Amino acid sequence: MRILVTGFDPFGGETINPAIEAVKKLPNRIAGAKIIKLEIPTVFDKSAQIVNQMLGEERIDYALHIGQAGGRAALTPERIAINLDDARIPDNEGNQPIDEPIIPEGESAYFSQLPIKAMVSYMKEEDLPASISNTAGTFVCNHIMYQTLHQTHTNYPQVKAGFMHIPFLPEQVLGRTDLPSLTLAEIVRGVEASLRAIIDYDGKDDLKIVGGKIH
C-alpha cells in the first residue's frame, strides 16, 4: 500500500506550518505501507496541480492532506469538501477568489473516502483530542480536498482521499493564550494513528459510532 500525505507551507503571516512539519516527521513506512510525503503550496490551483501530477505519476492508494486550523483544539478529520472558494485572506500568491466554484461543472460536494470515525477513535486511544469536523472552510484546505476527491471520482477511482485539520503549535500561540495548541510530537502521533486506521480499515466499512454534532 502507498499513502500520499501532504502538508502545506506557512501562510497568513506565520513562519511555520505544523502541517508540513508533522508530515516531515512521519516514518517512511507504517504497518507495511509506504508513506509518500509531499509539501504543497498554500495556493489555490497550484496545490491541486502538484497533487494531480503526483496521482498521475505514482501508484497511490490513499491520499491524506494535512492542514493547519488555528483556533481548533483537536485533530479533526474532515467529513466533506464543498465546491466553493471564498477566501477571507489571500493565498501565498495573492489570489483571493470570492464566491467562485472550484470546478464549475463539478459536484456540489464530495464526502471523505477515508474512515474518519476510525481515525478519530485511533487518535483518542493515543489520549489525543480528536473529533470529526463537518466544515473544511472555504480556503485552500477545502480547495485541495475537493480537487483531490474530484480526481478520485473522475480520473483515479483506485485512490481514496480525505483531509485532516490540526491545531497550532505552542510557539505559534505565544502571547495569544486564548488559542489552543498541540505539540509537534502530539500532532505527529495523531497523524500516525490516523494512517494506521486507514491501513487497518482498507476494504472495510468505517466504524458505526457517534460522530455528529448538534451545531
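In which hand does H2 cross H4? The structure is a predicted model, in which local features require pLDDT of at least 70 and side-chain atom pairs count only at pLDDT 80 or more, while totals for chains, interfaces and linings use all residues. Residues are numbered from 1 along each chain as its sequence is written, and side-chain values use heavy atoms, with hydrogens and water left out.

The crossing of H2 past H4 is right-handed; a crossing has this hand if the near helix is turned clockwise from the far one by less than a right angle, and is left-handed if anticlockwise. Helix H2 spans residues 44-57 and helix H4 residues 140-154. Helices (H or I, at least four residues) and strands (E, at least two) are DSSP runs numbered from the N terminus. The axes of H2 and H4 lie 9 Å apart at an angle of about 35°, where axes are lines fitted to C-alpha atoms, for helices over the stretch in contact, and angles run from 0 to 180 degrees between N-to-C directions. Phe44, Asp45, Ser47, Ala48, Val51, Asn52 and Leu55 of H2 meet Val140, His143, Ile144, Gln147, Thr148 and Gln151 of H4, contact being defined as heavy atoms within 4.5 Å. The residues of this contact comprise 6 nonpolar, 6 polar and 1 charged. In this classification Ala, Val, Leu, Ile, Met, Phe, Trp, Tyr, Cys and Pro are nonpolar, Asp, Glu, Lys and Arg are charged, and the others, Gly among them, are polar.

H1 and H5 also pack with axes 9 Å apart, at an angle of about 65°. H1 is therefore roughly perpendicular to H5, a term covering 65 to 115 degrees; angles under 35 degrees are roughly parallel, those over 145 roughly antiparallel and the rest oblique. The crossing of H1 and H5 is right-handed. Pro18, Glu21, Ala22 and Lys25 of H1 form the contact with Leu184, Ile187 and Val188 of H5. By class, the contact of H1 with H5 holds 5 nonpolar, no polar and 2 charged residues.

The largest nonpolar core contains 37 residues, of which Ile3, Ile66, Met164 and Leu195 touch the most other members. A nonpolar core is a set of buried Ala, Val, Leu, Ile, Met, Phe, Trp, Tyr and Cys residues joined through side-chain atoms within 4.5 Å. At least two residues of this core come from each of strand E1 (2-8), helix H1 (18-25), strand E3 (33-40), strand E4 (62-68), helix H3 (116-125), strand E8 (160-166) and helix H5 (184-200). H5 supplies the largest share, 8 residues. Another core, of 30 residues, lies apart from this one and includes Leu4, Val51, Ala87 and Val159. Beyond four places in sequence, isoleucine 3 touches Ala33, Lys34, Ile35, Ile36, Tyr62, Leu195, Ile198 and Ile199.

Alanine 69 sits in the loop between E4 and strand E5 (76-77) and is buried, with a relative accessibility of 11%. Buried denotes under 20% relative accessible area, exposed over 50% and partly exposed the range in between (1.4 Å probe, protein chains only). Not counting residues up to four places away in sequence, alanine 69 touches His165, Ile166 and Pro167. Alanine 31, in the loop between strand E2 (29-30) and E3, has a positive phi of about 50° although it is not a glycine. Alanine 31 is exposed, at 63% relative accessible area. Aspartate 127, in the loop between H3 and H4, likewise has a positive phi, near 60°, and is exposed at 72%.
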